[in-house]
Amino acid sequence: MTFTRKIKIAPSILSADFANFGAECRAIEAEGADWVHVDVMDGHFVPNITFGPATCAAIRPHIKGVMDVHLMIAPVDSYIDAFAGAGADVISAHLEAGPHIHRTLQAIRGAGAKAGLAINPGTPIEAVEYLLDMVDLVCVMTVNPGFGGQKFIHSQIDKVARLRAMIGDRPIHIEIDGGVTPETAPLVAAAGADVLVAGSAVFKGGSVENPSPYGANIAAIRAAAEAAL
Ligand code: DX5
Ligand code: ZN
């Protein structure tokens with residue numbers, strides 16, 4: 001993974017056909033996805049359950065580029081090696097998932113993955129200040145984690161701008177997750193985000209049999225974001 005602040009679109013397979021993850025991953029990459037965003041939910045940290053490391057390992061061979069694993073689980077530490085072993089390039093843990101996020105981030109890098117720090121909408125940006133030297137990505141949640149298709153929370157735009165200023169020259173990605181559409185993408189891109197996760201806005205209207213809407217949706221989000229730069 002070479003660092004660049006160019007806009008990257010990361011479709012979330014939370015909105016894909018769960019019986020067809022391999023084909024869906026191949027389809028979104030063929031249609032222009034930069035990263036593949038993989039949402040892991042435990043029914044405890046968030047009120048929804050998806051899948052675990054075995055599914056991540058199974059889809060890994062179907063992803064040519066970056067596999068970006070977003071862990072919405074608590075506890076986290078005991079599962080890091082399993083997700084790294086499944087081939088995750090980026091592993092993001094939530095700041096709110098336990099008392100020792102500093103140790104968790106060390107463990108993610110220690111396992112050979114890039115370390116991501118995800119923060120919920122209610123978490124102040126100051127909370128990441130003493131963690132910035134140990135992260136490769138900060139994921140600003142623009143919905144409450146747990147479900148796709150929720151409404152973008154506009155108060156987070158200011159948080160992104162403040163995070164961008166805190167990061168300065170450091171090679172840290174700013175990822176936005178939740179409610180990203182061609183309407184909201186320019187707002188966060190202008191504030192400094194470079195990785196845009198989108199689930200429903202990418203997969204709407206398409207399928208494995210008819211993937212061209214994925215391409216049109218990805219292109220529309222990218223064009224709207226780049227026009228704001
Ligand atoms: C929410 C997940 C997101 C979700 C985004 O908890 O982390 O990645 O899939 O879905 P949309 O783009 O539909 O808001
Ligand atoms: Zn996510």
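## Close-up views

You are looking at a predicted model, in which local features need pLDDT of at least 70 and side-chain atom pairs count only at pLDDT 80 or more, while totals for chains, interfaces and linings use all residues. Residues are numbered from 1 along each chain as its sequence is written, chains are lettered from A and ligands numbered from 1 in the order in which they are written, and side-chain values use heavy atoms, with hydrogens and water left out.

Look for Ser12, which has a polar side-chain atom 2.9 Å from an oxygen atom of ligand 1. Gly199 uses its backbone instead: an N or O atom there lies 2.7 Å from an oxygen atom of the ligand. On its own, ligand 1 has 380 Å² of accessible area, and the protein covers 100% of that. Such areas come from the Shrake-Rupley method with a 1.4 Å probe; for residues, only the protein chains shown count as cover.

Asp39 belongs to strand β2, residues 35-41. Helices (H or I, at least four residues) and strands (E, at least two) are DSSP runs, numbered from the N terminus. Is Asp39 buried or exposed? Its relative accessibility is 4%, so Asp39 counts as buried. Buried means under 20% relative accessible area, exposed means over 50%, and partly exposed is in between (1.4 Å probe, protein chains only). Leaving aside residues up to four places away in sequence, Asp39 touches Ser12, Leu14, Thr50, Phe51, His70, Met72 and Asp177; contact means heavy atoms within 4.5 Å. Ser12 sits 27 residues from Asp39 along the chain, with 7.0 Å between their C-alpha atoms.

**A cis peptide bond at Pro75.** Trace the loop between β3 (66-72) and α3 (80-85) to find Pro75. The bond joining Ala74 and Pro75 is a cis peptide bond, with omega about -5°.

**Lys8 meets Asp194.** The whole structure contains seven salt bridges, each a side-chain nitrogen of Lys or Arg within 4 Å of a carboxyl oxygen of Asp or Glu. In the one between Lys8 and Asp194, the closest N and O atoms are 2.9 Å apart. This pair links distant parts of the chain, 186 residues apart: Lys8 is in strand β1 (residues 8-11), and Asp194 is in the loop between α6 (185-191) and β8 (195-198). Both Lys8 and Asp194 are buried.

**Arg109 meets Asp136.** Another salt bridge joins Arg109 and Asp136, whose closest N and O atoms are 3.0 Å apart. Arg109 lies in helix α4 (residues 101-110) and Asp136 in the loop between β5 (114-119) and β6 (137-141), so this pair ties together parts that are 27 residues apart in sequence. With 36% relative accessibility, Arg109 counts as partly exposed, whereas Asp136 is buried at 14%. Residues touching Asp136, not counting those up to four places away in sequence, are Arg109, Lys114, Ala115, Pro171, Ile172 and His173.

The side chains of Arg162 and Asp158 meet here at 3.6 Å, N to O. Why are they about one helical turn apart? Because Arg162 and Asp158 are four residues apart in helix α5 (residues 156-167). Arg162 is partly exposed, with 40% relative accessible area, and Asp158 is partly exposed too, at 45%. Glu126, Asp158 and Arg162 form one network through salt bridges that share partners.

**Two cysteines without a bond.** The structure has zero disulfides, a disulfide being a pair of cysteine sulfur atoms within 2.5 Å. The sulfur of Cys56 is 9.8 Å from the closest cysteine sulfur, in Cys25, which is too far for a bond. Cys25 is buried, with a relative accessible area of 0%, and Cys56 is also buried at 0%.

Methods
A polar contact is a pair of N or O atoms within 3.5 Å; within protein, one must be able to donate a hydrogen and the other to accept it, and residues adjacent in sequence count only if both atoms are side-chain atoms.
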